[in-house]
Amino acid sequence: MKQGIIHATLIAPDLQQVCDAYVAQLDLQVQQQATLSTDDAAALDLHDLAGAPLAWLTNSAGEPVLRVVEDPAAVVAEPMFRHGWLSLEVLVGDIDTLAAGLQPPFKVLGAAANLELSDAIRAAQVLGPCGELLYLTQIKAQVPPFDLPMTDASVANTFIGVMTTPDRDASQHAWSALLGAKGWAFDTKITVLNRAYGKPLEGRFPVAVVPMPGQCMVEIDQVELPAAAPRRHAGQYSLALRLPAVADGALRDAGWEVTVVGARRSLRGPAGEHVELLAG
C-alpha cells in the first residue's frame with residue numbers, strides 16, 4: 001500500500017472553476033463529484049462543511065491526487081502571508097513546456113529555473129484559481145542525500161508539502177516525531193517569498209526538510225509574519241498522509257493536536273498546518 005503523501009485537499013469558493021482549470025491546463029481529470037461526508041469533515045476538522053460539494057481529481061495514471069471542497073465563504077488570499085501550508089510541490093515531466101502554456105486563472109509567479117540546491121531540480125511557482133500556491137517541479141537526476149521521484153507524465157502528484165512557521169526548530173521537532181526522521185536544516189534563498197515580502201532576491205531563510213516514505217518530504221520555511229485573525233482561507237488546506245504508526249501520546253508531546261476519527265487521525269501542527277493521517 002502506498003505511503004507518504006496520498007492526496008491534497010483544496011478549499012475553493014467555486015468548485016467548478018477549479019475543476020475546469022485543472023482539467024484544461026494541468027492534465028487532471030474529474031473522477032467523482034459528491035458531497036463531503038460527516039466522517040470526512042471530522043477528519044479534516046471542517047465540521048461545518050459536512051454536505052458541501054466536492055470533486056476528486058486524478059492524474060493520468062488514474063490516481064486520486066486532489067480533493068476540492070467548495071466553501072463559497074472562504075477567503076482567497078496569497079498564502080505567503082500566513083503560517084501553515086504554503087505550497088504543494090507537484091512532480092511534473094517538463095516544467096518549461098507546462099509553465100509556458102499556463103493561462104488565467106493560473107498565474108506564473110516565477111519562470112522555470114534551476115534551484116540553488118541543484119541544477120537537477122527545475123521549478124516554476126504558480127498561483128492557482130483559489131489562491132493555492134504550486135511549485136511545479138521537474139527532477140532530472142538524483143540529488144543525494146535526498147530520495148526524489150522522477151516522472152515522464154505531464155503532471156504526476158504532490159511529493160512535497162511546503163509550509164511556513166514562526167519557529168523552524170519546533171516545527172522540525174514535530175514533523176520528525178511524525179515521520180521518524182530528523183531531516184536536514186540549512187539556510188537557502190526562496191525567491192517566491194523574497195518577492196512577496198519585497199526583500200532582495202538573494203535573501204535567505206532558515207529551512208528544514210524532513211523525509212517521509214514514498215519519496216516524499218515536508219519542507220519547513222521559517223518566516224516572520226504579523227499576527228492575523230483566524231479565518232478560513234481558500235487554497236491548500238490539508239495533506240493526507242499514510243505513514244508507519246506513531247503513538248498519539250508521542251505526537252502530542254512533539255506539539256501536534258491529535259483528534260481520533262475512526263481509523264484516521266486529524267492532526268494540527270505547531271504552525272497551524274492540517275494533516276489527515278490515514279490508516280494502514
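Analyst: A residue is called buried when its relative accessible area is under 20%. The structure above is a predicted model.

User: Which residues of helix α4 are buried?

Analyst: In α4, the residues R168, S171, Q172, A174, W175, S176, L178 and L179 are buried. Each of them therefore falls under the 20% cut-off.

User: How do you know that the length of α4 agrees with what a helix should span?

Analyst: Helix α4 has twelve residues, 168-179, and at 1.5 Å a residue these should span 16 Å. The C-alpha atoms at its ends are 16 Å apart, so the two values agree.

User: What makes D167 a cap of α4, and at which end?

Analyst: A side-chain oxygen of D167 lies 3.1 Å from the backbone nitrogen of D169. A polar contact requires such atoms to be within 3.5 Å, so this distance qualifies. D167 caps the N-terminal end. Just after α4, G180 takes a positive phi of about 70°.

User: Across which strands does α4 lie?

Analyst: Helix α4 lies across β5, β9, β10, β11 and β12, and runs at about 5° to β11. These strands belong to an open sheet of eight, in the order β6-β7-β8-β5-β9-β12-β11-β10, with mixed pairing.

User: Why are β6 and β10 said to stand at the edges?

Analyst: β6 (107-114) and β10 (184-189) each have a single partner strand, so one side of each is left without a neighbour in the sheet. From one strand to the next, the twist averages 25°.

User: What makes β10 and β11 a pair?

Analyst: Two strands pair if there are at least two bridges between them. β10 and β11 (residues 204-212) have six bridges, in the antiparallel sense. F186 stands opposite V207 in β11.

User: How many aromatic pairs are there, and why is the pair of F81 and Y197 given its class?

Analyst: The count comes to six aromatic pairs. The ring centres of F81 and Y197 are 5.8 Å apart and their planes stand at 70°, so the pair is edge-to-face. The cut-offs are 6.5 Å for the centres and over 60 degrees for edge-to-face planes. F81 is in the loop between β4 and β5 and Y197 is in helix α5, 116 residues apart. Together with F205, F81 and Y197 form one aromatic cluster.

User: What is the class of the pair of W175 and W256, and why?

Analyst: The ring centres of W175 and W256 are 5.1 Å apart with planes at 75°, so this pair is edge-to-face. W175 in helix α4 is 81 residues from W256, which is in the loop between α6 and β14. Both W175 and W256 are buried.

Notes: Residues are numbered from 1 along each chain as its sequence is written. This is a predicted model: local features need pLDDT of at least 70, side-chain atom pairs count only at pLDDT 80 or more; totals for chains, interfaces and linings use all residues. Side-chain values use heavy atoms; hydrogens and water are left out. Helices (H or I, at least four residues) and strands (E, at least two) are DSSP runs, numbered from the N terminus. The expected span of a helix is 1.5 Å times one less than its number of residues. Buried means under 20% relative accessible area, exposed over 50%, partly exposed in between (1.4 Å probe, protein chains only). A polar contact is a pair of N or O atoms within 3.5 Å; within protein, one must be able to donate a hydrogen and the other to accept it, and residues adjacent in sequence count only if both atoms are side-chain atoms. Axes are lines fitted to C-alpha atoms, for helices over the stretch in contact, and angles run from 0 to 180 degrees between N-to-C directions. Contact means heavy atoms within 4.5 Å. Rings of Phe, Tyr and Trp (its six-membered ring) pair if their centres lie within 6.5 Å; planes under 30 degrees apart count as stacked, over 60 as edge-to-face and the rest as tilted.
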